[in-house]
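Please take a guided tour of the structure below, with a viewer open beside the text. Each stop names what to select and then says what is there.

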Amino acid sequence: MATTTEILVLGSGLPLPAEGPAALRCWQMLRFLARHYRVHFGCLAPAHPPSGLVGKVQAVCHETHFIDQPALLARARGLGALVRGEAPAVASARHPALAAWTTRLLQRRPVAAAIALSAPMAQYLPATPGLRRLLDLAAKPVAGARDAAYALATASRFDAVLLATPNGAADFAGMAPCARVACIPNGVDAEHFSPHIMQRNPYRGATINLLFSGALEHWPDIEAADWLVRQVFSPLHARHGCLRLHLVGSGVDRRVQALARHPGVQVHAAVSELRPYLAHAALVLAPLRQGAGMQAKVLEAMAMQKVVIASPAALDGIAAVAGTELLVAHTKAEFIAQVRQVLAADASDAMGLAARARVLADYSWSASMDRLIALIGTPAARSGT
């Protein structure tokens with residue numbers, strides 16, 4: 001370990017794999033911080049968390065404390081807060097046992113910096129001499145007017161507030177001008193999503209395979225998949241029968257399943273490993289029509305050196321050079337034209353190399369966490385008892 005500086009991280013939950021970007025951000029933060037600091041982690045956890053995950057978290061942390069927060073109790077506290085005119089998410093996350101553990105830890109350990117992984121977690125970190133406090137609002141976005149007001153009021157009392165995208169950071173800074181705001185992007189594990197790792201071919205036959213992946217049980221991705229099939233792929237397939245469009249997700253809504261009735265469309269549900277589908281795809285399509293925040297699936301494809309054709313909404317927070325590192329299409333005609341152009345020109349190697357280089361430079365978890373570590377620095381350790 002490069003330094004004995006101690007860091008406290010407080011989360012709204014364990015970094016469960018199924019919980020999405022917030023859980024992934026939490027896990028990557030713990031993993032990378034542990035390379036530089038002695039990390040303590042406390043959170044509200046399910047009553048019976050997976051033992052493997054608990055062991056995984058404990059392996060990278062010096063001290064951990066998991067508090068069982070029954071969902072019914074949290075909901076009751078939130079409803080009570082609404083009646084009292086308070087912030088419901090803050091009340092839902094309030095637990096005296098976690099507060100007591102945090103207070104004791106700060107008293108007996110020389111913790112130099114603490115990170116609250118959501119606005120409700122900020123309530124556990126009162127101003128303490130010598131303690132550098134960071135509030136990460138990228139881990140769990142604020143929802144609801146009262147909780148948003150709490151986040152804005154709390155932000156100015158922290159040493160830094162973290163957002164995941166430049167636009168998000170700029171918007172928050174405009175609403176909370178006294179807050180010190182920094183952009184720490186979500187990233188992609190470029191070591192895991194590497195084109196240099198051999199992957200089995202999940203596709204069959206002499207076909208040209210196009211890929212769309214996402215959370216196919218969520219409305220923005222459902223709408224994008226439906227639009228892609230009806231407006232873009234069907235006209236392409238009518239002229240190029242060897243094309244196949246693969247819709248891949250860990251969960252798939254019945255409306256997406258129904259898209260398999262279209263010629264050339266295949267739906268893959270309950271996929272736990274995306275890399276084989278990326279590795280053997282001719283190109284990746286990301287036609288998201290609405291949404292906010294950096295799109296992890298675009299970065300994963302770029303990390304695998306794939307050509308990505310994306311809509312502007314799919315690139316929110318991603319600063320990549322159109323025409324060099326990826327392709328941008330605004331309309332169905334542009335999507336169709338660019339698919340044909342990529343497949344005909346076979347210029348994917350140079351663009352794929354440029355795409356991965358962009359991810360390694362700016363959007364790998366390593367690059368993102370390096371920014372966080374630079375922001376924390378090596379503050380002078382507090383005196384512990």
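A residue is called exposed when its relative accessible area is over 50%, and buried when that area is under 20%. Select C178 to begin: with a relative accessible area of 59%, C178 is therefore exposed. Bear in mind throughout that this is a predicted model.

Staying with cysteines, the structure holds zero disulfides. C26 is in none, and the nearest cysteine sulfur to that of C26 belongs to C43, 7.2 Å away. Is C26 buried or exposed? Its relative accessibility is 5%, so C26 counts as buried.

Next, colour the strands of the open sheet, where seven strands run in the order β3-β2-β1-β4-β5-β6-β7 with parallel pairing. Which strands stand at the edges? They are β3 (63–68) and β7 (181–183), and because each has a single partner strand, one side of each is left without a neighbour in the sheet. From one strand to the next, the twist averages 20°. Within this sheet, select β1 (residues 6–11) together with β2 (residues 38–45), which pair in the parallel sense over six bridges, and find E6 standing opposite R38 in β2.

Helix α5 (residues 96–108) lies across β1, β2, β3 and β4 (111–116), and runs at about 165° to β3. Helix α7 (residues 166–175), in turn, lies across β6 (160–163) and β7, running at about 175° to β7.

From here, turn to the nonpolar interior. In soluble globular proteins, nonpolar side chains tend to be buried together. The largest nonpolar core in this model has 59 residues, and those with the most contacts inside it are L211, L247, V308 and I309. Helix α8 (residues 219–239) contributes the largest share of this core, nine residues. Apart from that core lies another, of 33 residues, which includes L14, C26, L117 and A160. Select L211 and its surroundings as well: leaving aside residues up to four places away in sequence, L211 touches several residues, among them Y203, L245, H246, Y277 and L285.

Most residues other than glycine have a negative phi. A270, in the loop between β10 (265–268) and α10 (275–279), has a positive phi near 55°, and at 62% relative accessibility A270 counts as exposed. Q305, in the loop between α11 (296–303) and β12 (308–310), likewise has a positive phi, near 65°, while its relative accessible area of 23% makes Q305 partly exposed.

Methods. Residues are numbered from 1 along each chain as its sequence is written. This is a predicted model: local features need pLDDT of at least 70, side-chain atom pairs count only at pLDDT 80 or more; totals for chains, interfaces and linings use all residues. Side-chain values use heavy atoms; hydrogens and water are left out. Helices (H or I, at least four residues) and strands (E, at least two) are DSSP runs, numbered from the N terminus. Buried means under 20% relative accessible area, exposed over 50%, partly exposed in between (1.4 Å probe, protein chains only). A disulfide is a pair of cysteine sulfur atoms within 2.5 Å. A nonpolar core is a set of buried Ala, Val, Leu, Ile, Met, Phe, Trp, Tyr and Cys residues joined through side-chain atoms within 4.5 Å. Contact means heavy atoms within 4.5 Å. Two strands pair if DSSP finds at least two bridges between them. Axes are lines fitted to C-alpha atoms, for helices over the stretch in contact, and angles run from 0 to 180 degrees between N-to-C directions.
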